Amino acid sequence: MLKKEHIENLISLARGIKDTGVNNIMDFTAFDSTKMDEYAAQAKKEWGNTAAYKEYEQKVSGRTSEDKQNMAKDMMKLFTEFGGLKDMDPGCDTVQKQVKKLQDFITENYYTCTKEILSGLGKAYSAGGEMTENIDKAGGSGTGEFADQAIQIYCSKA
């Protein structure tokens with residue numbers, strides 16, 4: 001199993017290099033779940049009493065650290081994919097399908113990601129700070145802002 005995971009990590013790294021260039025070759029932060037743990041603690045503090053957070057707790061209970069780390073990697077892969085789309089119009093079908101893919105991933109793995117929640121997440125992705133930095137590390141400079149633009153377009157549609 002360890003060998004398979006190692007190979008999968010190498011494949012992910014190679015895809016990231018292909019999508020965002022060789023400058024990210026030595027960035028191993030995608031393999032570290034420390035930031036995800038910090039984000040989880042911050043989310044509990046801010047939204048611990050909401051229905052979405054209660055749903056999140058139910059979905060993640062029983063998951064191992066490895067499971068959580070793999071989910072974090074999969075989430076960052078979505079931003080690597082956004083980075084590969086940055087030369088497109090954020091409202092085009094291809095980019096809008098990527099937004100839907102992100103929304104579905106969040107709903108499947110964390111909580112029901114309504115358009116209202118997704119819009120708020122998009123704003124957080126481009127607001128600066130560590131979240132934006134991590135997204136931009138995954139997809140290249142400007143990925144957080146691009147993802148937010150695409151998300152706002154997606155969420156504005158009926």
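Q: Is Tyr-125 buried or exposed here, and why?
A: In this predicted model, Tyr-125 counts as buried because its relative accessibility is 4%, which is under the 20% cut-off.

Q: And what about Phe-79, buried or exposed?
A: Phe-79 has 2% relative accessibility and therefore counts as buried.

Q: How are the rings of Phe-79 and Tyr-125 arranged?
A: Their centres lie 5.0 Å apart with the planes at 80°, so the pair is edge-to-face; it links distant parts of the chain, with Phe-79 in helix H4 and Tyr-125 in helix H6, 46 residues apart.

Q: Which residues make up the ring cluster?
A: Ring pairs join Phe-79, Phe-82 and Tyr-125 into a cluster.

Q: What else does Phe-79 touch, leaving aside its neighbours within four places in sequence?
A: Phe-79 is in contact with Leu-102, Tyr-125, Ile-135, Ala-138, Gly-139, Thr-143 and Ala-147.

Q: Which residues touch the most other members of the largest nonpolar core?
A: Of its 29 residues, these are Phe-79, Phe-82, Leu-102, Ile-106, Leu-118 and Tyr-125, while the elements giving two or more residues to this core are helices H3, H4, H5, H6, H7 and H8.

Q: Switching to H8, what covers its buried residues?
A: The cover includes H4, H5, H6 and H7, and the buried residues of H8 include Thr-143, Phe-146, Ala-147 and Tyr-154.

Q: What lies over the face of Tyr-154?
A: That is Lys-115, at 5.2 Å from the ring centre.

Q: Where is confidence lowest, and where highest?
A: Confidence is lowest in helix H1, at a mean of 54, and highest in H8, at 97; over residues 22–31 the pLDDT is below 50. Where pLDDT is low, predicted coordinates should not be read in detail.

How values were computed:
Residues numbered from 1 in each chain as written. Predicted model: local features only at pLDDT ≥ 70, side-chain atom pairs only at ≥ 80, totals over all residues. Heavy atoms only, no water. Core = buried A, V, L, I, M, F, W, Y, C linked by side-chain atoms within 4.5 Å. Buried < 20%, exposed > 50% of the residue type's maximum accessible area, 1.4 Å probe, protein only. Helix = DSSP H or I, 4+ residues; strand = E, 2+ residues; numbered from the N terminus. Contact = heavy atoms within 4.5 Å. pLDDT = per-residue confidence, 0-100. Phe/Tyr/Trp six-rings, centres within 6.5 Å; stacked < 30°, edge-to-face > 60°. Lys NZ or Arg CZ within 6 Å of the ring centre and 35° of its normal.
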